[in-house]
Amino acid sequence: CPGCDDHSDGEKRRYLGVSVKRVADLPSNLVYDAKTSWLYVADSGNGRVIRLDSRNSVATKSIPSFFGDGTLKAYSAPVVQALKTSELKMPSGLALDRDVLYVGDAQTGLITAWKVDPAGANGEFGTKIATLNTGFKAGALVGLTVGPDRKLYAIDRAGKRVVRVDP
């Protein structure tokens, strides 16, 4: 059935002490950087992007998950940093290409590019390097990815299309 995937062989984590807020009918994307172990999170309901340092968190207990979907593990509170901005209204799409994080804002239709600071300072990371106005309607910009061609692709939900952006 649509959306019915077998996740029983994967590891699902819940990080204690990290609170995010969802917006109904809006994806909040995640991006994992395997090189640094940072997990980037679009926290749409709180109008922010955070990252969690998964290296410094340890499993504390197992929590029952959905039927047949394996075990959910609770992990101790990780180091959390926020993107240095007050401009984001409703971040949804995220894409990471080397040390550049692209953030799509569903409310404004803007895509911003951020130079990621590997260490971060004062609980923050990232310096804005560019902004693109997609012209998408409010609520339409819901996903981003970087393809193997290193081009950025954006999902326009209202227009039912994928648009290539040449960064």
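1. R98 sits in the loop that joins β8 (91-97) to β9 (100-105), where strands are DSSP runs of E with at least two residues, numbered from the N terminus. Although R98 is not a glycine, its phi is positive, at about 60°. R98 is exposed, with a relative accessible area of 56%; here buried stands for under 20% relative accessible area, exposed for over 50%, and partly exposed for what lies in between, with a 1.4 Å probe and protein chains only.

2. The model is a predicted one, in which local features need pLDDT of at least 70 and side-chain atom pairs count only at pLDDT 80 or more, while totals for chains, interfaces and linings use all residues. Residues are numbered from 1 along each chain as its sequence is written, and side-chain values use heavy atoms, with hydrogens and water left out.

3. A positive phi is also found at K160, another residue other than glycine, with a value near 50°. K160 belongs to the loop between β14 and β15, and with a relative accessible area of 77% K160 is exposed.

4. The loop between β14 (152-156) and β15 (161-165) also holds R157, whose side chain meets that of D25 in a salt bridge at 3.9 Å, N to O; the term requires a side-chain nitrogen of Lys or Arg within 4 Å of a carboxyl oxygen of Asp or Glu. Because D25 lies in the loop between β1 (12-15) and β2 (30-33), the pair ties together parts that are 132 residues apart in sequence. R157 is partly exposed at 33% relative accessible area, whereas D25 is exposed at 63%.

5. Over the whole structure, a search finds nine salt bridges, and among them is the one between K151 and D166, at 3.8 Å, N to O. K151 is in the loop between β13 (141-146) and β14, and D166 is in the segment after β15, so this pair ties together parts that are 15 residues apart in sequence.

6. Which residues touch the most other members of the largest nonpolar core? They are Y40, V49, L83, L94, L101, V103 and F125, out of 14 residues in that core, a core being a set of buried Ala, Val, Leu, Ile, Met, Phe, Trp, Tyr and Cys residues joined through side-chain atoms within 4.5 Å. β3, β8 and β9 each supply at least two residues, and β3 gives the most, with three. A second, separate core of 12 residues includes A95, Y102, A154 and V165.

7. For L94, contact (heavy atoms within 4.5 Å) is made with N29, L30, V31, Y40, V41, A42, V49, Y102, V103 and L144, leaving aside neighbours within four places in sequence.

8. The lining of the largest pocket has 12 nonpolar, three polar and seven charged residues; Ala, Val, Leu, Ile, Met, Phe, Trp, Tyr, Cys and Pro count as nonpolar, Asp, Glu, Lys and Arg as charged, and the others, Gly among them, as polar.

Terms used. Helices (H or I, at least four residues) and strands (E, at least two) are DSSP runs, numbered from the N terminus.
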